Amino acid sequence: MAATSFTHPDLPDIAFTLERGSGGYPGLPSSWMTLVGTRQETPSPTEDIADPEPVTVEVCRIGFAGP
């Protein structure tokens, strides 16, 4: 199953992705589901990097088995 992405009005800066299946983890059943929340952040400038690129930060990861 393809991953489903969505946002929530109460958490507008976080993107959620729900994926069914093992998600690349061997030994997990196909009924396993993973919910991952990510947010874009821009690191502070440094002497070496004056204009850093935004990075995706994982906010939370929840996994659970279905029926």
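Me: What is the relative accessible area of F6?
Reply: F6 has a relative accessible area of 37%, and that makes it partly exposed; buried means under 20% relative accessible area, exposed means over 50%, and partly exposed lies in between, with a 1.4 Å probe and protein chains only. Please keep in mind that this is a predicted model, where local features need pLDDT of at least 70, side-chain atom pairs count only at pLDDT 80 or more, and totals for chains, interfaces and linings use all residues. Residues are numbered from 1 along each chain as its sequence is written, and side-chain values use heavy atoms, with hydrogens and water left out.

Me: OK, and which residue does F6 form an aromatic pair with?
Reply: The structure holds one aromatic pair, and in it F6 is stacked with F16, at 5.5 Å centre to centre and 20° between the planes. For this term, rings of Phe, Tyr and Trp (its six-membered ring) pair if their centres lie within 6.5 Å, and planes under 30 degrees apart count as stacked, over 60 as edge-to-face and the rest as tilted.

Me: Where in the chain are those two?
Reply: F6 sits in strand β1 (residues 4-8) and F16 in strand β2 (residues 11-20), 10 residues apart, so the pair links distant parts of the chain. Strands (E, at least two residues) and helices (H or I, at least four) are DSSP runs, numbered from the N terminus.

Me: Is F16 buried or exposed?
Reply: F16 is buried, with a relative accessible area of 11%, whereas F6 is partly exposed.

Me: How do β1 and β2 pair?
Reply: They pair in the antiparallel sense over five bridges, and the rule for pairing is that DSSP finds at least two bridges between two strands. The two strands form a hairpin with two residues between them, and the bridge partner of S5 in β2 is T17.

Me: Zooming out, how many strands does the chain have?
Reply: The chain has four strands and zero helices, and they make an open sheet in the order β1-β2-β3-β4, with antiparallel pairing. β1 and β4 (55-65) stand at the edges, each with a single partner strand, so one side of each is left without a neighbour in the sheet. The twist averages 25° from one strand to the next, where axes are lines fitted to C-alpha atoms (for helices over the stretch in contact) and angles run from 0 to 180 degrees between N-to-C directions.

Me: And how many bridges are there between β3 and β4?
Reply: Strand β3 (residues 32-41) and β4 pair in the antiparallel sense over 10 bridges, and in β4 the bridge partner of T38 is E58.

Me: What is the total count of salt bridges?
Reply: The count comes to two, and R39 with E41 forms one of them, at 2.6 Å, N to O. R39 is partly exposed at 26% relative accessible area, and E41 is partly exposed at 32%.

Me: How far apart in space are P12 and R39?
Reply: They are 9.5 Å apart, C-alpha to C-alpha, and 27 residues apart in sequence. P12 is found in strand β2 and counts as exposed at 63% relative accessibility.

How values were computed: A salt bridge is a side-chain nitrogen of Lys or Arg within 4 Å of a carboxyl oxygen of Asp or Glu.
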